[in-house]
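Biologist: I would like to learn how to read a protein model. Can we take some features in turn?

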Amino acid sequence: MEQEGIEHRTVEVNGIRMHVAEKGEGPVVLFLHGFPELWYSWRHQILFLAARGFRAVAPDLRGFGDTEAPPDIAAYSIFHIVGDIVALIDSLGQDQVSVVGHDWGALVAWTLCAFRPDKVKALVNLSVPYIPRNPAVRPVDSFRATYGNDLYISRFQEPGKVEAQFAQVDTTVLMKILLTSFSPQALFIPEKGFPGGLSEELTLPYWLSENDINYFASKFSKTGFSGGINYYRNMNRNWELTAPWTGIQIKVPTKFILGDQDVAYHFMGLKDYIETGGLKRDVPLLEDYVLMKGVGHFINQERPEEISHYIYEFIKKF
């Protein structure tokens, strides 16, 4: 897609071919998207940062869009995904970059900072706070116990099942459902799939155009959703693999931004954790967190100007 001078190329990283969108010259800012998204979720921020002397780089993560999607579920562990990002930073000829993450991209960015803080100059994360590893309980088990089997994370666990449900819905309609479903309630997917007649009820929010939906749908209709869903299928395994990092602090200069209508703010006690100093304890170089009123989960698309300004004002200091 040619959008206002954004360039596209493919790089070989960590044994896969990765699609990268980029624009601008200067210090590198790396943008990591979430589910069910693509590099395209950062379209506003790429243009904004490129216009202000930065090189904005936004990959499609492993399993998404025009980046390779290995068939094996085990190939989507947090080690693989963070490994991709470390290799990407190296391929850009950089020792250190600024990183901006949202949703799963935020989880990847937090973990990158845990594993390789030397690679990250400054971090701006959106929506998903750092979540310390609880050695007593596996994350999917915890979600299931709290929210039941219909919670999307629970429903995503069984290989092939939710893909078959998704395949029964037009991809354009499905993208509308998914991109409007995390504010402020979590997405629940009944065993028998989505109820009929959903497409008629869905009007697009102000921040999403039919063109935007069509771009996302054009990619996911080609790739399917397994790549992105495999991230969720590795949550318990990631918990096992990251046992050595229990109790770690994230020691990178950080800014954290979320919306008060975001499901992540209301999920599993995270609101208390953020507001009573837990996040600051675990991320001691957190400059501050910003709670935006009336904003949902897809914050960088909902409030592009404000988010772009926050990113710029923070990373230009480093």
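Modeller: Start with burial. A residue counts as buried when its relative accessible area is under 20%. Above 50% it is exposed, and in between it is partly exposed. Keep in mind that this is a predicted model.

Biologist: Is arginine 155 buried or exposed?

Modeller: Arginine 155 has 10% relative accessibility, so it counts as buried. Arginine 155 sits in helix H5, residues 152-155.

Biologist: Which residues touch arginine 155, apart from its neighbours within four places in sequence?

Modeller: Arginine 155 is in contact with Asn149, Asp150, Val162, Gln165, Ile189, Pro190 and Glu191. Look at asparagine 149 in particular. Its backbone oxygen lies 3.4 Å from a polar atom of the arginine 155 side chain.

Biologist: Which side chain makes a polar contact with the side chain of lysine 119?

Modeller: That of aspartate 90, at 2.8 Å. Setting aside neighbours within four places in sequence, the contacts of lysine 119 are Val86, Ile89, Asp90, Gln94, Asp95, Gln96 and Val97.

Biologist: How do I read sequence distance against distance in space?

Modeller: Put the two values side by side. Lysine 119 and serine 98 are 21 residues apart in sequence. Their C-alpha atoms are 8.6 Å apart in space.

Biologist: Now helix packing. At what angle do helices H2 and H3 pack?

Modeller: Read the angle between the two axes, then the distance. Helix H2, residues 78-91, packs against H3 at about 75°, and the axes are 10 Å apart. Angles of 65 to 115 degrees count as roughly perpendicular, so H2 is roughly perpendicular to H3.

Biologist: Which residues make that contact?

Modeller: H2 gives Ile78, Phe79, Ile81, Val82, Ile85, Val86 and Ile89. H3 gives Val108, Thr111, Leu112 and Phe115. By class, this contact has 10 nonpolar residues, 1 polar residue and no charged ones.

Biologist: Let us move to the backbone. What is the general rule for phi and for peptide bonds?

Modeller: Most residues other than glycine have a negative phi, and most peptide bonds are trans. Now look for the exceptions. Asparagine 14 is not a glycine, but its phi is positive, about 50°. Aspartate 103 is not a glycine either, and its phi is about 60°.

Biologist: Where is asparagine 14 found, and where is aspartate 103 found?

Modeller: Asparagine 14 is in the loop between strand E1 (7-13) and strand E2 (16-23). Aspartate 103 is in the loop between strand E5 (97-102) and H3.

Biologist: How do I class their burial?

Modeller: Asparagine 14 has a relative accessible area of 41%, so it is partly exposed. Aspartate 103 has 9% relative accessibility, so it counts as buried.

Biologist: Last, what does the UniProt record place at residues 27-137?

Modeller: The unreviewed UniProt entry places the feature "domain: AB hydrolase-1" there. The span is 31% helix and 21% strand, and its end C-alpha atoms lie 40 Å apart.

Definitions and conventions:
Residues numbered from 1 in each chain as written. Predicted model: local features only at pLDDT ≥ 70, side-chain atom pairs only at ≥ 80, totals over all residues. Heavy atoms only, no water. UniProt positions renumbered as here; feature names shortened; annotations may be inferred. Helix = DSSP H or I, 4+ residues; strand = E, 2+ residues; numbered from the N terminus. Contact = heavy atoms within 4.5 Å. Polar contact = N/O pair within 3.5 Å; in protein donor to acceptor, adjacent residues only side chain to side chain. Axes fitted to C-alpha atoms, helices over the stretch in contact; angles between N-to-C directions. Parallel < 35°, antiparallel > 145°, perpendicular 65-115°, else oblique. Nonpolar A, V, L, I, M, F, W, Y, C, P; charged D, E, K, R; others polar. Buried < 20%, exposed > 50% of the residue type's maximum accessible area, 1.4 Å probe, protein only.
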